[in-house]
Amino acid sequence: MSTYPGLTSRRGFLRGLGAAVGLPALEGFRPLMAAETAGRALATTASGAPLRTAFLYIPNGVNLAHWRPNGTTAGYKMGETFKPMEALREHFQIYTGFEQQFAAANGDGPGDHARGVATFLTSRQARKTAGSDINLGISIDQVAANAIGSQTRLPSLELSADGVRKSGSCDSGYSCAYQFNLSWRSENQPMTPESNARAVFERLFGAGDAKERADSLGRRYAAKKSMLDFIEHDAKALHRRLGRGDQQKLDEYLTGVREIEKQIEKTEAMGLPPDPGQAAPKGEPGTYGDHLRLMMDMMVLAFKTDSTRISTFLMAHDGSNRSFKEIGVNDGHHNISHHQGKKDNLEKIAKIDLFYMQQLAYFLDKMKNTEDVDGKSLLHNSMIVYGGCISDGDRHNHDDLPIVLAGNAGGAFKPGRHVELGENVPLANLYLRMMEEMGVKEKRFGDSTGVLRKV
């Protein structure tokens, strides 16, 4: 029986309120969500709650001696790096044996840092170029966004704690686009991440207080619609006077215009963004740790309000030479990652690894303590990949990757253990399994060899 008598669908209820599908998930909506679908809907758990997916990237490899667990299955002993995660033990699993073979040189010479970031979510080999003729492939988060993004206000949310670079030469002749973008819309279009927490907040919920957000949203989209009408009329007249090459360029431009039109129509159909119940972040974060946690707070808000179900977070790009003075590491991270087996360098790397793990623990704890529509937690109803595409920074190897999978996927996964895969397994196999849980059917992705069952 419906929690709201007389209402036959969640969509109808929301339309009657003039509200948004992006409202926070409410307990009363759960039976309606399940009743609207014949079987399980895309990107939902068995209970009908939204299924969230996130990917968090760490740079430059790890101190493997402190990272590696001792033992397998649920009886394993955590490595020193995982001390901040002890209280969350039952909510994540550690994997040993994943690889990304296309992050290796494969005849292209040096450039492991650029290839690492580029390959992590695409499982494809990056074309070595510092120019505009970049070529890679769609990333797994965007495969999911293409399939389920219409259900939420934002198809996906791309975050970074670094600056944004989409051109120029970075690592060993590779375009900076590869090294500073984790998410890729297509083989030559990165999804530019946002590193300003206030900008993320305003993208999710608008600027100002609740009333100001409502007023400004209407004005903003009315102005955009007016401009789009003008562009379309003017472009049709111009199109007839152009040569074939220019007509193609104009058609590509108009495709972008039509995408904006679709966004406006989607926004109008969904109504106002939900009120997050808090003000937008103010000022610059005091430390790098503050910045990371602020961006993680934005992810939790986005998931809590069902503004999106897919997010990526480039915590730092591979090759980052940031120092960590707040934890007593004054050297640049990239410099000491070339540790040459020196004890002092390895100890500093272990401190940095511990710092990043503390941030992950903060994020997972916040997800665990946020109740979802079905009475479970956001963390229970999530799939969160944390790790990087370099194992040992001195070797620059892309096998035996440091990978953590957190969350239960609504009960489909069995966290609380260390899983030794026993051989090099493409990370893409895990991605296929995650897509399967979302209801997105992909036979292959990148260098996948099958769907991973050890989850």
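I first searched for disulfides, taking a disulfide as a pair of cysteine sulfur atoms within 2.5 Å, and the count came to 1 disulfide. I note that this is a predicted model, in which local features need pLDDT of at least 70 and side-chain atom pairs count only at pLDDT 80 or more, while totals for chains, interfaces and linings use all residues. Residues are numbered from 1 along each chain as its sequence is written, and side-chain values use heavy atoms, with hydrogens and water left out.

The disulfide joins Cys170 and Cys176, whose sulfur atoms lie 2.0 Å apart, and I read the link as right-handed, with 95° about the S-S bond. I then looked up burial, where buried means under 20% relative accessible area, exposed over 50%, and partly exposed in between (1.4 Å probe, protein chains only). Cys170 counts as partly exposed at 21% relative accessibility, whereas Cys176 is buried at 0%. I also checked Cys389, which is buried at 0% relative accessibility.

Next I turned to aromatic pairs, in which rings of Phe, Tyr and Trp (its six-membered ring) have centres within 6.5 Å, planes under 30 degrees apart counting as stacked, over 60 as edge-to-face and the rest as tilted. The search of the whole structure found 15 aromatic pairs. One of them is formed by Phe324 and Tyr356, edge-to-face at 5.9 Å centre to centre, with 75° between the planes. This pair links distant parts of the chain, since Phe324 sits in the loop between β6 (310–314) and α11 (333–337) and Tyr356 in helix α12 (residues 343–368), 32 residues apart. Phe324 is buried, with a relative accessible area of 0%, and Tyr356 is buried too, at 2%. I found that ring pairs link Tyr288, Phe324, Phe355 and Tyr356 into a cluster.

I then asked which charges sit over a ring, meaning NZ of Lys or CZ of Arg within 6 Å of the ring centre and within 35 degrees of the ring normal. Arg322 lies over the face of Tyr288, at 3.7 Å from the ring centre, and Arg89 lies over the face of Tyr76, at 4.3 Å.

For the chain as a whole I noted 13 helices and 9 strands, as DSSP runs numbered from the N terminus (helices H or I, at least four residues; strands E, at least two). Buried residues make up 53% of the 455 residues.
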